[in-house]
Amino acid sequence: MTVMGNLLIIFVIRSDTLLHKSMYYFLANLSVLEIFYTTTITPNTLRNFLTEDRSISFVGCFTQMFFFVALGGSECVLLSVMAYDRYIAICKPLLYSNYMNSSYCFQLLLLSYFVGSVNSLVHTVCASVLPYCKTHQVDHFFCDIPAVLKLSCRDTYPNELVSLLVGGFVVIGSFVLTLVSYICILRAALNIQNMSRKPKAFSTCGSHLLVVTLYFGTIISTYMLAGFNISTEQNRVLSVAYGIITPLMNPLIYSFRNADILKAIRKTMVKINA
């Protein structure tokens, strides 16, 4: 369902020329991220539910960790980029086409992937060099950083510090930039004299703000508050929220709360039926 929903968003945006704008360009790439993001853990998790063999190799475990953290970090940065796009569209509409041209949008997209990959590489390398001699059972449904670090027989405080500093820079930094963008958007919207334009200004941000709240809330709770001894059960629930539920809900949130996407979906369905 997650893959189909996100593929539908990508297909609709590519097929409708009216959606060939920077906002929907970022939305299509968010759907691409979501597909790969959830695919790194969900298929293997389903296999574990259906079979007795729940093993994963050392290399496979850290490969899964790298891609999951890389794609998650990239999504954090991309969500802040989408908030910046909305800020330019609402606060500087006359300069929007100059700011958000295709070249600049592509550079912002590459920045998202670069930051996410570097962040993940630091975490994965630091975790992979630790000695693991306590047990070989990961108390989680995938190879997440906190769960894997618990298996090491060496003090993991340096790793936790790196996770807090480097991961915090990416997650909290992206969240703060998103928050600043929306504060500026709110101020600009409240200053709009034409009352009929206010609902439109807020509606373009509503879907994105809902996704941001759900995603950043669970990510920060898992990785930034790990030092406050979150239980394994709570960690699993939060992981399900940002790793499985959010990629599933994003297409629904954006399609049902965005008039342009709904209109494009109806147009696509009419073409298919014809």
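Is C143 buried or exposed in this structure? C143 is buried, at a relative accessible area of 4%, where buried means under 20%, exposed over 50% and partly exposed in between, with a 1.4 Å probe and protein chains only.

Before I go on, a word on the basis: this is a predicted model, in which local features need pLDDT of at least 70 and side-chain atom pairs count only at pLDDT 80 or more, while totals for chains, interfaces and linings use all residues. Residues are numbered from 1 along each chain as its sequence is written, and side-chain values use heavy atoms, with hydrogens and water left out.

There are two disulfides here, a disulfide being a pair of cysteine sulfur atoms within 2.5 Å. In one of them, C143 is joined to C61 with the sulfur atoms 2.0 Å apart, and because the torsion about the S-S bond is about -120°, this disulfide is left-handed. C61 sits in helix α4 (residues 58-91) and C143 in the loop between α6 (102-128) and α7 (145-149), so the pair ties together parts that are 82 residues apart in sequence; helices here are DSSP runs of H or I, at least four residues, numbered from the N terminus. C61, at 7% relative accessibility, is buried.

The other link joins C133 and C153, whose sulfur atoms are 1.9 Å apart, and with 140° about the S-S bond it is right-handed.

What of C76 and C126? The closest cysteine sulfur to that of C76 is in C126, at 19 Å, which is too far for a bond, and the sulfur of C126 has its closest cysteine sulfur in C61, at 16 Å, again too far.

Methods. Helix = DSSP H or I, 4+ residues; strand = E, 2+ residues; numbered from the N terminus.
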